[in-house]
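Dear colleague,

Here is the structure I promised to pass on, and I would be glad if you kept it open while reading the notes that follow it.

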Amino acid sequence: MGYEELRDLLPKSDIAFNEPMSRHTSFRIGGPADVFVVPGSLDELKTLLKWCHQRSVRLLAVGRGTNLLVRDGGFRGVIVQIGASFQDFEIIGSDGVRADAGWILSELCVRCASLGLSGLEFACGIPGSLGGAIYMNAGAYGGQMSDVVTGVVVLNRQGEEEYWGAEKLDFSYRHSALQDRDYIAIAADLRLRKASPEIIFRQIQELTKARKEKQPLNEPSAGSIFKRPPGHFAGKLIEQAGFKGRRVGDAQVSTKHAGFIVNLGHATASDVIKLIGEIQRGVYEKTGVLLEPEIKVIGEEHKEG
Ligand SMILES: Cc1cc2nc3c(=O)[nH]c(=O)nc-3n(C[C@H](O)[C@H](O)[C@H](O)COP(=O)(O)OP(=O)(O)OC[C@H]3O[C@@H](n4cnc5c(N)ncnc54)[C@H](O)[C@@H]3O)c2cc1C
């Protein structure tokens, strides 16, 4: 494919070839990406996008890999992580901020709290990047990203910048327009509210405690496997259908929260996918509800030999 050309375009330290995605996902699962790039600057990202576009090379942007299941055969093409080099932050007016997409959401939440800016507390325990959270319209405890995001700076496949306002982002439950179009989020404008840092931090503390009590945070996972079906809770349906603790290989329905699948050590993507199928069939037979995965599954199946 001529990926070696990238060595002349980008700093060596930013590129890895045949990189196991298990190193870059919270599930600790996933075959190798042909190329994994962590661009050191926006210019580098634009150069990479143009290079891929001109050669029709597949490119996928990821954040912290906390909602991602990469199949065991890996990913043919380039995976680009919007990470540490995308962490600029600017206060706009009295209650707005512009933050780069590489911010870790929980750290951004703390930064805003210390500035007396309220509104992101719901997100303090959602792992992953700001970009990933916008892509997913991530949410918890009654809040979601669409409550605070007023616009996003995106790049198209030729590396050109555009600005999408809230309308164009077309947010709905765990959905944004980024899922329908091939764009990369690089920064976002958030509208927050002035409040006392003390009150904001108290709220963060309470939500963190609630999360620790209910979720298996010490085991590798990708959070809730399924979307919340209207009128139900996925975890409850899974538990009622008798799947709590069910295993396929080292993939297990968490014994703490049946909405999570955890990796007990050596789970493969194929174990997780098999378990997802079993749960979907079992819950459907018992309740008539078809659970839809929330996690994003990418890559190729592993081929023997
Ligand atoms: C323990 C645990 C708890 C969780 N709790 C919650 C929760 O309460 N609520 C919730 O909503 N989620 C939750 N999640 C899921 C996950 O953390 C969120 O979906 C998070 O927002 C994903 O961010 P990320 O950076 O890890 O995205 P990734 O997993 O890296 O990517 C997710 C998707 O977004 C795309 N993407 C990522 N960054 C960009 C970008 N800059 N531009 C364009 N596309 C991009 C990727 O291509 C992929 O399709 C949890 C996960 C874990 C492991």
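Helices and strands are DSSP runs numbered from the N terminus, a helix having at least four residues and a strand at least two. Please bear in mind that this is a predicted model.

I began with the ligand, where the shell holds 33 residues, and of these Gly63, Gly128, Gly131, Gly132 and Gly223 come nearest. Two or more residues of that shell are given by each of strand E3 (59-62), helix H4 (130-136), strand E9 (139-140), strand E13 (184-191) and strand E15 (221-224), and the largest share, five residues, comes from H4.

Next come two helices, H3 (residues 105-114) and H6 (residues 197-214), whose axes come within 8 Å and cross at roughly 150°; because angles over 145 degrees count as roughly antiparallel, H3 and H6 are roughly antiparallel to each other. Their contact is made by Cys109, Ala113 and Ser114 of H3 together with Pro197, Ile200, Phe201 and Ile204 of H6, a set that divides into six nonpolar residues, one polar and no charged.

Finally, the domain assignment of the protein chain gives domain 1 (3-81), domain 2 (89-203) and domain 3 (216-298). The centres of domain 1 and domain 3, taken over C-alpha atoms, are separated by 28 Å, and the contact takes 14 residues from domain 1 and 14 residues from domain 3. On the side of domain 1 that touches domain 3, strand E4 (residues 68-70) gives the largest share, three residues, and the residues of that side divide into seven nonpolar, four polar and three charged.

With best wishes

How values were computed
Residues are numbered from 1 along each chain as its sequence is written. This is a predicted model: local features need pLDDT of at least 70, side-chain atom pairs count only at pLDDT 80 or more; totals for chains, interfaces and linings use all residues. A residue is near a molecule or strand if its C-beta atom, placed from the backbone, lies within 6 Å of it. Axes are lines fitted to C-alpha atoms, for helices over the stretch in contact, and angles run from 0 to 180 degrees between N-to-C directions. Angles under 35 degrees count as roughly parallel, over 145 as roughly antiparallel, 65 to 115 as roughly perpendicular and the rest as oblique. Two residues are in contact if their C-beta atoms, placed from the backbone, lie within 7 Å. Ala, Val, Leu, Ile, Met, Phe, Trp, Tyr, Cys and Pro count as nonpolar, Asp, Glu, Lys and Arg as charged, and the others, Gly among them, as polar. Domain bounds come from an automatic or database domain assignment.
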